[in-house]
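Please read each point with the model open beside it.

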Amino acid sequence: MTEIVSSFRKSSYSAGEGNCVEVAHTATHGRAIRDSKQHPEDGAPLLTVSRDAWRNFVQYL
């Protein structure tokens, strides 16, 4: 399992509607991504990506 080393923070594109994507840093310098309404500790899915994959994704935006 991926170790999350920071708190989750909401996307700056979240519009206050409660539908948010949250991102946190991982121990391997990648990112963990989740739906703000669901929590992995409750069995909800958690997407993790490498540092390079995250960088490529952000540059694509």
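1. Two strands pair if DSSP finds at least two bridges between them. Strands β3 and β4 (residues 47-49) are joined by three bridges, so they count as paired. The two run antiparallel.

2. The model is a predicted one. In sequence order the pattern is β-β-β-β-α.

3. Strand β3 (residues 31-35) also pairs with strand β2 (residues 21-25). This pairing is antiparallel and covers five bridges. Between the strands of this hairpin lie five residues, and H29 has a positive phi near 70°.

4. How much of β3 is buried? Four of the five residues in this strand are, and the strand is described as mostly covered. For the protein as a whole, buried residues account for 21% of the 61 residues.

5. Side chains of opposite charge can pair when their charged atoms come close. The count of salt bridges in this model is two. They are taken up one at a time in the next two points.

6. R34 belongs to strand β3 and E22 to strand β2, and the pair links parts of the chain 12 residues apart. R34 is also the bridge partner of E22 in the strand pairing. Both residues are buried.

7. The other salt bridge to check is formed by D52 and R55, whose closest N and O atoms are 2.3 Å apart. These residues are both in helix α1 and are three residues apart, so about one helical turn separates them. D52 has a value of 45% and is partly exposed. R55 has a value of 41% and is likewise counted as partly exposed.

8. The structure contains one aromatic pair. The pair is made by W54 and F57, and it is tilted, with 5.6 Å from centre to centre and 40° between the planes. Both residues lie in helix α1, three residues apart, which is about one turn of the helix. W54 is buried, because its relative accessible area is 18%. F57 is partly exposed, because its relative accessible area is 43%.

9. With V58 and L61, F57 forms a nonpolar patch on the surface. Together the three have about 320 Å² of accessible area. Why can F57 belong to a surface patch? Patches are made of residues with over 30% relative accessible area, and F57 has 43%, so F57 passes that cut-off.

10. Two whole-protein values complete the note. The protein exposes about 4,600 Å², and carbon and sulfur atoms supply 52% of this area. Among contacts between residues at least 6 apart in sequence, 14% join residues at least 24 apart.

Technical notes:
Residues are numbered from 1 along each chain as its sequence is written. This is a predicted model: local features need pLDDT of at least 70, side-chain atom pairs count only at pLDDT 80 or more; totals for chains, interfaces and linings use all residues. Side-chain values use heavy atoms; hydrogens and water are left out. Buried means under 20% relative accessible area, exposed over 50%, partly exposed in between (1.4 Å probe, protein chains only). Contact means heavy atoms within 4.5 Å. Accessible areas come from the Shrake-Rupley method with a 1.4 Å probe; for residues, only the protein chains shown count as cover. Patches are made of residues with over 30% relative accessible area and no salt bridge: like charges are joined within 9 Å, nonpolar side chains (Val, Leu, Ile, Met, Phe, Trp, Tyr) within 5 Å. A salt bridge is a side-chain nitrogen of Lys or Arg within 4 Å of a carboxyl oxygen of Asp or Glu. Rings of Phe, Tyr and Trp (its six-membered ring) pair if their centres lie within 6.5 Å; planes under 30 degrees apart count as stacked, over 60 as edge-to-face and the rest as tilted.
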